[in-house]
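Me: I would like to learn how to read the features of a model. Can we go through them one at a time?

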Amino acid sequence: METKGRAMRADTERTVRTILEAAERVLAADPAATMEQIAAAAGVARTTVHRRFATREALVEALVAWATERFHQAVEAARPLTSPPLVALHQVTANVLQVKIGWSFAMSGPAASGSEAAYEHADILAQCDELFRRAREAGLVAAGTDLVWARRVYYALIHEAAEEGRDLVDAGAVDRLAARVVDTLLHGVGGGRPR
């Protein structure tokens, strides 16, 4: 009996994942898409979607939570607190770009205050701040750099790279985009100081 229960839970988890993946594809293409359109894209009945998510808002909230969890895992997989700062910065960037490109709709909205997603975003922010502090100690970032500003610039660069990455299909494209983000962050776009 326990095996049957586990099989049912696994089946339910697969169905939810299928719905969320379909919701991401459909809502990224059309943010006003209906639950019916999402159900069709998932290959399930509308009633199946409604059984798992009572409202469209509940579905979107679950989608944001799912993507944020992937985002958090991507950051942690890069070991930003223990890897050498330059290695960690590149790997965090590449991992985050993968998530942001694949989950563009879900990653575009804010997490609800007090939600698990909000706590995960706060942890990501803390890890990023620590990585930037370590980068400054390692001499990658100038000693007088405002690290909050540097983080905001970094986030903006990642956002722009993710936008560009949506049109790329080459397997090495994300790694090249990550290298470009890190290079731009650490070296800027200027050719040196004006004379």
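Reply: Start with accessibility. Buried means under 20% relative accessible area, exposed means over 50%, and partly exposed is in between, with a 1.4 Å probe and protein chains only. Tyrosine 155, with a relative accessible area of 34%, is therefore partly exposed. Tyrosine 154 is buried, at a relative accessible area of 2%.

Me: What kind of model is this, and how are residues numbered?

Reply: This is a predicted model, with residues numbered from 1 along each chain as its sequence is written; local features need pLDDT of at least 70, and side-chain atom pairs count only at pLDDT 80 or more. Totals for chains, interfaces and linings use all residues, while side-chain values use heavy atoms, with hydrogens and water left out.

Me: How many helices and strands does the protein have?

Reply: Helices (H or I, at least four residues) and strands (E, at least two) are DSSP runs, numbered from the N terminus. Here the protein has nine helices and zero strands. Along the sequence the pattern reads α-α-α-α-α-α-α-α-α. The C-alpha atoms fill a box of roughly 70 × 35 × 35 Å, taken along the principal axes. Of the 195 residues, 36% count as buried.

Me: How do I read contacts along the chain?

Reply: Contact means heavy atoms within 4.5 Å. Take the contacts in the protein with a separation of 6 or more: residues 24 or more positions apart account for 68% of them.

Me: Now helix packing. At what angle do H7 and H8 pack?

Reply: Two packed helices are described by the angle between their axes and the distance between the axes. Axes are lines fitted to C-alpha atoms, for helices over the stretch in contact, and angles run from 0 to 180 degrees between N-to-C directions. Helix H7 (residues 116-137) and helix H8 (residues 147-165) pack at about 115°, with axes 10 Å apart. That makes H7 roughly perpendicular to H8. Angles under 35 degrees count as roughly parallel, over 145 as roughly antiparallel, 65 to 115 as roughly perpendicular and the rest as oblique.

Me: Which hand does the crossing of H7 and H8 have, left or right?

Reply: A crossing is left-handed if the near helix is turned anticlockwise from the far one by less than a right angle, and right-handed if clockwise. H7 passes H8 in a right-handed crossing.

Me: Which residues of H7 and H8 meet?

Reply: From H7 come Ile124, Leu125, Cys128, Asp129, Phe132, Arg133 and Arg136; from H8 come Leu147, Ala150, Arg151, Tyr154 and Tyr155. By class, this contact of H7 with H8 has eight nonpolar, no polar and four charged residues. Ala, Val, Leu, Ile, Met, Phe, Trp, Tyr, Cys and Pro count as nonpolar, Asp, Glu, Lys and Arg as charged, and the others, Gly among them, as polar.

Me: How do H5 and H9 pack?

Reply: Helix H5 (residues 85-102) and helix H9 (residues 173-187) pack at about 125°, with axes 9 Å apart. That makes H5 oblique to H9. Their crossing is right-handed. H5 contributes residues including Leu86, Leu89, His90 and Thr93, and H9 residues including Val174, Asp175, Leu177 and Ala178. By class, the contact of H5 with H9 has 13 nonpolar, three polar and one charged residues.

Me: How many aromatic pairs does the structure hold?

Reply: A pair of aromatic rings is described by the distance of the centres and the angle of the planes. Rings of Phe, Tyr and Trp (its six-membered ring) pair if their centres lie within 6.5 Å; planes under 30 degrees apart count as stacked, over 60 as edge-to-face and the rest as tilted. The structure holds two aromatic pairs. Tyrosine 154 and tyrosine 155 form a tilted one, 6.3 Å centre to centre with 45° between the planes. Phe132, Tyr154 and Tyr155 form one aromatic cluster.

Me: Is glutamine 127 buried or exposed?

Reply: Glutamine 127 is in helix H7. Glutamine 127 is buried, because its relative accessible area is 8%. Not counting residues up to four places away in sequence, glutamine 127 touches His72, Val75, Glu76, Pro80 and Leu81.

Me: Where does aspartate 170 lie?

Reply: Aspartate 170 lies in the loop between H8 and H9. Its relative accessible area is 43%, so aspartate 170 is partly exposed.
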